[in-house]
Amino acid sequence: MPHAVWSGAISFGLVTIPCRVLAATENHNINFRQVHLKDMGRVRTRKVCEIDGQELGADEIGKGYELSKDTIVQITDAELDAMPLPTAKAIDIVAFVTADSIDPVRVGDGYYLQADGQVAAKPYKLLRMALERSSKVAVAKFAWHNRERLGLLRVKGDVIVLHAMKWDDELRSPAELTPREVDLSDDEIEAAIQLLETMAQDGIGHLTDHYREAVEEMLAAKAEHRKPAPVEGQAPEPAGQVVDLMAALNASVEAARTARGENTENAVVHDLPTKRAAKASADKTPVKKATTRKAAAKKTAAKKTTGRKPRSA
């Protein structure tokens, strides 16, 4: 496991649980260097003062806040450390809520909370089991890097996970992004649901980063002076503008079933019944009689129309 990024205690009510915070994810991004194309020399970023042009070391650089274009005030780490932060060494639980009441947009990176020492084992397990049995998550406040943050505690297996969350004023409203009103038929909605069900899976653990694999193969091929081998998961050619939505849904269902090795004979979704039609077809006999009556009525109307004399002008 990685080293702890923070240590303190979880507190709720009068219960205190010493804990250590460890990163729950890893970064597998491929990082590139900036180089001089002429001779492949490294290009480094130097920190230079814009007033005297001198290159500065880390011990010569501090924090400053720009009050206006021409006014910057200096702030020291000691001044920030002296600020009153009740949650400086505690993850203070302030509420227990249902998970579906938390907007996923505000949930950020995840961290594993590890009980710190044998004394923390019992209250740690107590909190974990209480969250499990109540089907609740905990909302907490904590402070990292001289800033109070909002957090979410949930259970993953036998471990409690802490997620950083955005405050309300950090969330942008999506109102202006709402698309214009469009008409959708029941057939189209039911076809989309059928496509969702066709693509449903038990989990996403089998998904891999094909782009990273392709980049790694390209870099290895360059180092070995060879052509890169083809990599699975090549991106399909982008489709043109969708003209017939139902046709696109039909093709998508068929492609999804083919990918899963299923029989695609019944993959067409054009004739999906609406909820009203499905209810009416539950009893086939009345439907047939109604159809027969309609056909007879049409024939009678046709005879009357044929025998009717044209009006005089």
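Is S135 buried or exposed? I started my notebook with this one, keeping in mind that the model is predicted.

**Entry 1: S135.** I found S135 in the loop between helix 2 (121-134) and strand 9 (137-144). Its relative accessible area is 57%, and exposed means over 50%, so S135 is exposed. I also looked up the backbone: phi of S135 is near 55°, a positive value in a residue other than glycine. Most residues other than glycine have a negative phi, which is what made me stop here.

**Entry 2: M40.** Next I turned to M40, where phi is near 60°, again a positive value in a residue other than glycine. I located M40 in the loop between strand 3 (35-36) and strand 4 (41-42). With 54% relative accessibility, M40 counts as exposed.

Entry 3: I followed seven strands around and saw them close into a barrel, in the order 1-2-8-11-10-9-7, with mixed pairing. On average, neighbouring strands of this sheet are turned by 40° against each other, direction ignored. I then picked out strand 1 (residues 6-12) and strand 7 (residues 90-97), which pair in the parallel sense over three bridges. In this pair, I10 stands opposite I91 in strand 7.

**Entry 4: two helices.** How do helix 3 and helix 5 run relative to each other, and at what angle do they pack? I noted an angle of about 15° for helix 3 (residues 186-198) and helix 5 (residues 245-259), with their axes 9 Å apart. Helix 3 and helix 5 are therefore roughly parallel to each other. Among the contact residues I marked A191 and L195 of helix 3, and L249 and V253 of helix 5. By class, this contact has eight nonpolar, three polar and three charged residues.

How values were computed:
Residues numbered from 1 in each chain as written. Predicted model: local features only at pLDDT ≥ 70, side-chain atom pairs only at ≥ 80, totals over all residues. Heavy atoms only, no water. Pairing = 2+ DSSP bridges. Helix = DSSP H or I, 4+ residues; strand = E, 2+ residues; numbered from the N terminus. Axes fitted to C-alpha atoms, helices over the stretch in contact; angles between N-to-C directions. Parallel < 35°, antiparallel > 145°, perpendicular 65-115°, else oblique. Contact = heavy atoms within 4.5 Å. Nonpolar A, V, L, I, M, F, W, Y, C, P; charged D, E, K, R; others polar. Buried < 20%, exposed > 50% of the residue type's maximum accessible area, 1.4 Å probe, protein only.
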